[in-house]
Amino acid sequence: MTYSAADDRYESMPYRRVGRSGLKLPAISLGLWHNFGDDKRFDEQRAILRRAFDLGVNHFDLANNYGPPDGTAEINFGRHLADDFKPYRDELVISTKAGYYMWPGPYGEWGSRKYLISSLDQSLQRMGLDYVDIFYSHRPDPETPMEETMGALDYAVRSGKALYAGISSYTPEQTLEAARILKELGTPLLIHQPSYSMLNRWTENGTPNLYEALDEVGAGSIAFSPLAQGMLTDRYLNGIPADSRAAKERFLSESAITEEKLDRIRGLNKIAADRGQSLAQMAIAWILRDQPKGSPVTSALVGASSVKQLEDTLSAINNLEFTSQELTSIDEFAVESDINLWKQTP
C-alpha cells in the first residue's frame with residue numbers, strides 16, 4: 001500500500017533548536033541502532049518508521065556499522081526511503097556516523113580522513129542519498145590529530161555530502177577543542193551525541209561539564225541510550241527475562257543488573273507511577289527536563305522494536321514538567337551507576 005504521511009504530523013511533537021543553529025529537532029528522535037538490520041522483518045521496520053513520522057518524528061539516526069550485519073540498517077533504511085519517504089526528504093533530518101570498526105585493515109575504523117570520507121561515501125551509497133543532514137565522528141581517536149578528524153568533517157560539509165558536523169562521546173575538553181578547530185575551518189560544530197540517562201550522568205560532571213562546554217560553543221546535544229539499555233523500563237523489575245538484552249548479553253550483561261541498581265530502578269518506577277507515567281516515559285521526560293538555563297538536551301534518541309513500544313515511548317512528551325519535589329526524589333535514586341560503555345579511556 002502506498003504510504004501517505006499524516007496531515008497532522010507536526011501538531012503534537014515539540015521541536016527544539018539545536019544550539020545556536022537554524023536547525024530544529026523533534027524532542028524525541030528515532031535511532032536505528034537496533035531492529036533495522038536483517039534480524040528484523042522488513043514490514044515491521046516499515047510500520048515503525050511510518051508511525052514515527054506520522055507522530056512527528058522527522059529525525060532518523062544511523063551509523064555505518066548498524067545492523068546486523070554491519071551496514072544493513074542503512075541499506076534497509078535506503079529501501080524505506082525509496083518506497084515511502086522520497087516525497088518527504090526535505091522534511092527529514094537523516095544522520096549517520098563513522099568511527100567504530102567497519103572493515104578490515106588500518107583504514108576501517110577510528111578518525112582518519114581516509115576512513116571518515118570513505119565511510120560517508122559508502123553510507124550515502126547504501127541509503128541512496130546525495131547527502132546526509134548530520135555526519136558525526138562517532139568517537140574520538142586517541143592517535144589521529146584532532147585537526148585531521150575535524151578537517152574530514154569540514155570537508156564532508158564543504159563537499160555537500162553533509163549539511164552539518166557532529167561528534168559523539170567526546171569529553172568536554174575534547175569537545176571544546178573540536179569546536180575550536182571546526183570554527184577556524186568555517187564549519188561550526190552543530191551537535192554532540194553523548195550517552196546520558198538517570199543511571200549514566202557523566203555529562204553533568206567536570207568543570208566545565210559537557211553541557212557547559214556545548215553552551216559555550218553554541219552546539220546542541222542529543223542523548224543516546226536514555227533508557228540505560230532497557231534498565232530504565234519495567235522489563236527488569238522482577239528478574240531478567242530470557243529474551244531480554246541482558247540475557248542475550250547485547251550491550252548489557254546480567255552482572256550489570258545488581259540488586260543495588262534494581263532498588264534504584266524500583267524507586268524510580270514508583271515515582272513514575274505517581275506521575276501517571278511508565279518508568280520509560282519518565283526517564284525520557286527527565287532527559288528533556290528544564291533546568292535554570294533551559295534544557296541542555298535538544299532531543300532524546302530512542303529505539304523501538306514495535307509500533308506499540310514506539311507509541312508508548314513517544315507519550316513521554318505528554319508530561320515533561322517536574323516539580324522540585326519530584327526532581328529531589330528522583331535524585332535519590334538517579335545516581336551514577338558506572339554503565340557508560342562508551343567512556344573513552346586514556
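Modeller: E44 counts as partly exposed, because its relative accessibility is 31%. Please bear in mind that this is a predicted model.

Colleague: Where is the place of E44?

Modeller: E44 is in helix 1, which covers residues 42-54.

Colleague: By what distance are the C-alpha atoms of E44 and S306 separated?

Modeller: Those two C-alpha atoms are separated by 7.2 Å. Along the chain, E44 and S306 are 262 residues apart.

Colleague: What do the side chains of K40 and E44 meet in?

Modeller: They meet in a salt bridge, with an N to O distance of 3.7 Å.

Colleague: And is K40 buried or exposed?

Modeller: K40 is buried, because its relative accessible area of 17% falls under the 20% limit.

Colleague: Let us turn to helix packing. At what angle do helix 1 and helix 9 pack?

Modeller: The angle is about 25°, and the axes are 9 Å apart. Helix 9 spans residues 307-314. The two helices are therefore roughly parallel to each other, the limit for that description being an angle under 35 degrees. The crossing of helix 1 past helix 9 is right-handed.

Colleague: Which residues in helix 1 meet helix 9?

Modeller: A47, I48, R51 and A52 of helix 1 meet V307, L310 and E311 of helix 9. By class, this contact has five nonpolar and two charged residues, with no polar ones.

Colleague: How do helix 1 and helix 2 pack, at what angle and with their axes how far apart?

Modeller: Helix 2 covers residues 72-85, and it packs with helix 1 at an angle of about 60°, the axes being 11 Å apart. Helix 1 and helix 2 are therefore oblique to each other. Helix 1 passes helix 2 in a right-handed crossing.

Colleague: Which residues make that contact?

Modeller: On helix 1 they are F42, Q45, R46, L49, R50 and F53; on helix 2 they are N76, F77, R79, H80, D83, D84 and F85. Divided by class, the residues of this contact are five nonpolar, three polar and five charged.

Colleague: Back to salt bridges, then. How many does a search of the whole structure find?

Modeller: The search finds 22 salt bridges. Side chains of opposite charge can pair when their charged atoms come close. One of the pairs is D43 with R41, at 2.6 Å from N to O. D43 counts as partly exposed, because its relative accessibility is 34%. R41 counts as exposed, because its value is 53%.

Colleague: Which pair links distant parts of the chain?

Modeller: K161 and D121 do so, their side chains meeting in a salt bridge of 2.8 Å, N to O. The two residues are 40 residues apart: K161 is in the loop between helix 4 (146-158) and strand 7 (162-168), and D121 is in helix 3 (residues 113-127). K161 counts as buried, because its relative accessibility is 19%. D121 counts as partly exposed, because its relative accessibility is 34%.

Colleague: Which residues do salt bridges that share partners join into one network?

Modeller: That network consists of R201, E204, R289 and D331.

Colleague: A change of topic: the backbone. Which residues does a cis peptide bond with omega of about 5° join?

Modeller: That bond joins G67 and P68, and P68 is in the loop between strand 4 (59-61) and helix 2. The peptide bond from T207 to P208 is also cis, its omega being near 0°. P208 is found in the loop between strand 8 (189-193) and helix 6 (210-217). As background, most residues other than glycine have a negative phi, and most peptide bonds are trans.

Colleague: What is the phi of S225?

Modeller: S225 is not a glycine, yet its phi is positive, at about 55°. S225 lies in the loop between strand 9 (220-224) and helix 7 (259-274), and S225 counts as buried, because its relative accessibility is 12%. A228 also has a positive phi, near 50°, and its place is in the loop between strand 9 and helix 7. A228 is buried, because its relative accessible area is 3%.

Colleague: Finally, T96. Is T96 buried or exposed?

Modeller: T96 is buried, because its relative accessible area is 0%. T96 lies in strand 5 (residues 93-98). Leaving aside residues up to four places away in sequence, T96 touches several residues, among them L62, E74, L120, M127, I134 and Y136.

Terms used:
Residues are numbered from 1 along each chain as its sequence is written. This is a predicted model: local features need pLDDT of at least 70, side-chain atom pairs count only at pLDDT 80 or more; totals for chains, interfaces and linings use all residues. Side-chain values use heavy atoms; hydrogens and water are left out. Helices (H or I, at least four residues) and strands (E, at least two) are DSSP runs, numbered from the N terminus. Buried means under 20% relative accessible area, exposed over 50%, partly exposed in between (1.4 Å probe, protein chains only). Contact means heavy atoms within 4.5 Å. Axes are lines fitted to C-alpha atoms, for helices over the stretch in contact, and angles run from 0 to 180 degrees between N-to-C directions. Angles under 35 degrees count as roughly parallel, over 145 as roughly antiparallel, 65 to 115 as roughly perpendicular and the rest as oblique. A crossing is left-handed if the near helix is turned anticlockwise from the far one by less than a right angle, and right-handed if clockwise. Ala, Val, Leu, Ile, Met, Phe, Trp, Tyr, Cys and Pro count as nonpolar, Asp, Glu, Lys and Arg as charged, and the others, Gly among them, as polar. A salt bridge is a side-chain nitrogen of Lys or Arg within 4 Å of a carboxyl oxygen of Asp or Glu.
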